[in-house]
Amino acid sequence: MPEVTAPYQPGTPCWIDLAAPDQQAAIDFYSQVFGWTGEIGPPETGGYAVCELHGKPVAGIMAAVPMGGQPAPPTVWTTYLAAADADATSQAVRGADGTVLMPVMDVMTLGKMCIAADPTGAVFGVWQAIDFPGAGIVNEHGALIWNELNTTDPSAAATFYKAALGIESSPMEGADNYYSLVVKDRPVGGMQPMSEQMPSDTPSHWLAYFSVADTDETVDKVTAAGGAALQRPFDMVAGRMAVVSDPQGATFAVIHPKPMDQG
C-alpha cells in the first residue's frame with residue numbers, strides 16, 4: 001500500500017531530508033516537479049519544512065546553515081534508517097567502525113536522531129520514532145520508493161550495516177553486481193559498487209529514488225525548473241529510471257517502476 005500507517009522496522013529507510021542553501025527555492029522546485037506542498041517551519045524547529053503529498057509527510061527540506069560551530073551541511077538528500085533505540089544504534093555504529101558525525105539529539109516529541117557515516121564514508125541518518133514515524137506515503141508518484149547505497153567497498157559496507165543496524169544483504173537476482181538490503185526477509189533497499197561512470201572523486205553515498213508516473217516527462221520538468229539530467233532516462237531491470245540534480249546540486253533518482261508488488 002502506498003500509505004504508511006505502521007512503524008518502520010529497524011534498519012528500514014524511513015525518511016529523507018535535504019539541506020539546501022536556498023530553502024524556499026528548494027521547496028518551490030520539488031513542489032513543481034513532484035506536486036509537494038510545504039512551507040518554511042517555525043523558528044523553534046529551525047525552520048525545518050515537512051513537505052507533504054496528498055496530505056501525508058513525504059520528505060523534509062531545511063536550510064543548509066552552520067550549526068554548533070560546524071560548517072553548513074552539504075547540499076544532499078540524507079537517507080534515515082529506522083532504529084528502535086538511537087542511543088544504542090549510535091554505540092553500535094562506533095563499535096562497527098562507523099563514525100557518528102552528529103550525536104543523538106531529541107527532536108521535540110517527534111523522535112531522536114543522529115547522523116553517522118559507514119566505514120566506506122557513506123553518510124546516513126538514524127531515526128528513532130516517537131510521535132513521528134517518518135514518511136507517511138511511499139511507492140507512488142512523487143514519493144520515495146527506493147534507497148540505494150553506492151559504496152567503494154560493498155563487503156565492508158555489508159558487514160557494517162548488519163552489525164550496526166541488523167540489515168542483511170544478498171545478491172539480487174537478475175542484476176549483476178547488485179545487492180538487496182533486507183530487513184525481516186523484505187528487501188528495503190539496494191547496494192552496489194561505485195559506478196565507473198561517476199567522477200573519480202565521488203564519495204560513497206546513499207541515493208534516494210522517487211517513484212514517477214513518467215520518467216521522461218519528470219526529467220523534462222526537472223530541467224525546465226533549472227535542474228540537470230546526470231543520467232538520461234534508460235530502461236533497466238526494475239523500470240525506467242534517470243539520475244538528476246536539482247538547481248542547487250542535490251542528486252536524486254527517479255523511476256517509473258515495472259508493474260510488480262512494491263511491498
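Over how many bridges do strand β2 and β3 pair, and in which sense? Strand β2 (residues 49–53) and β3 pair in the antiparallel sense over five bridges; two strands count as paired if DSSP finds at least two bridges between them.

## Ground rules

This is a predicted model, in which local features need pLDDT of at least 70 and side-chain atom pairs count only at pLDDT 80 or more, while totals for chains, interfaces and linings use all residues. Residues are numbered from 1 along each chain as its sequence is written, and side-chain values use heavy atoms, with hydrogens and water left out.

## Overall picture

The protein chain has four helices and 15 strands. Both kinds of element are DSSP runs numbered from the N terminus: helices are H or I with at least four residues, strands are E with at least two. The C-alpha trace spans about 45 × 45 × 40 Å along its principal axes.

## The seven-stranded sheet

Seven strands form an open sheet in the order β2-β3-β1-β4-β7-β6-β5, and the pairing is mixed. At the edges are β2 and β5 (99–107), each of which pairs on one side only. From one strand to the next, the twist averages 25°. Angles here run from 0 to 180 degrees between N-to-C directions, and axes are lines fitted to C-alpha atoms, for helices over the stretch in contact.

α1 packs on this sheet and touches β1, β2, β3 and β4 (77–82), its direction making about 150° with that of β3. α2 packs on the sheet as well, touching β5, β6 (111–117) and β7 (123–129), and its direction makes about 175° with that of β5. Contact means heavy atoms within 4.5 Å.

## Strand partners around β3

Strand β1 (residues 13–20) runs parallel to strand β3 (residues 56–63), joined by four bridges; Asp17 stands opposite Gly60 in β3.

## The eight-stranded sheet

A second open sheet has eight strands in the order β9-β10-β11-β8-β12-β15-β14-β13, again with mixed pairing. β9 (168–171) and β13 (228–236) stand at its edges with a single partner strand each, so one side of each has no neighbour in the sheet. Neighbouring strands are turned by 30° against each other on average, direction ignored.

Inside this sheet, strand β8 (residues 144–151) pairs with strand β11 (residues 186–193) in the parallel sense over four bridges. Asn150 stands opposite Gln192 in β11. Helix α4 (residues 215–224) lies across β13, β14 (239–245) and β15 (251–257), running at about 180° to β13.

## How the helices meet

Helix α1 (residues 23–34) and α4 pack at an angle of about 150°, with their axes 9 Å apart. That makes α1 roughly antiparallel to α4; angles under 35 degrees count as roughly parallel, over 145 as roughly antiparallel, 65 to 115 as roughly perpendicular and the rest as oblique. In this contact, Phe29, Gln32, Val33 and Phe34 in α1 meet Thr218, Lys221 and Val222 in α4. The residues divide into four nonpolar, two polar and one charged. Ala, Val, Leu, Ile, Met, Phe, Trp, Tyr, Cys and Pro count as nonpolar, Asp, Glu, Lys and Arg as charged, and the others, Gly among them, as polar.

Helix α2 (residues 86–95) and helix α3 (residues 154–165) also pack at about 150°, their axes being 8 Å apart. From α2, Thr89, Ala92 and Val93 meet Phe160, Ala163, Ala164 and Leu165 of α3. This contact divides into six nonpolar residues, one polar and no charged.

## Two loops to look at

Most residues other than glycine have a negative phi. Met108, in the loop between β5 and β6, has a positive phi near 45°. Lys184, in the loop between β10 (179–183) and β11, has a positive phi near 55°.
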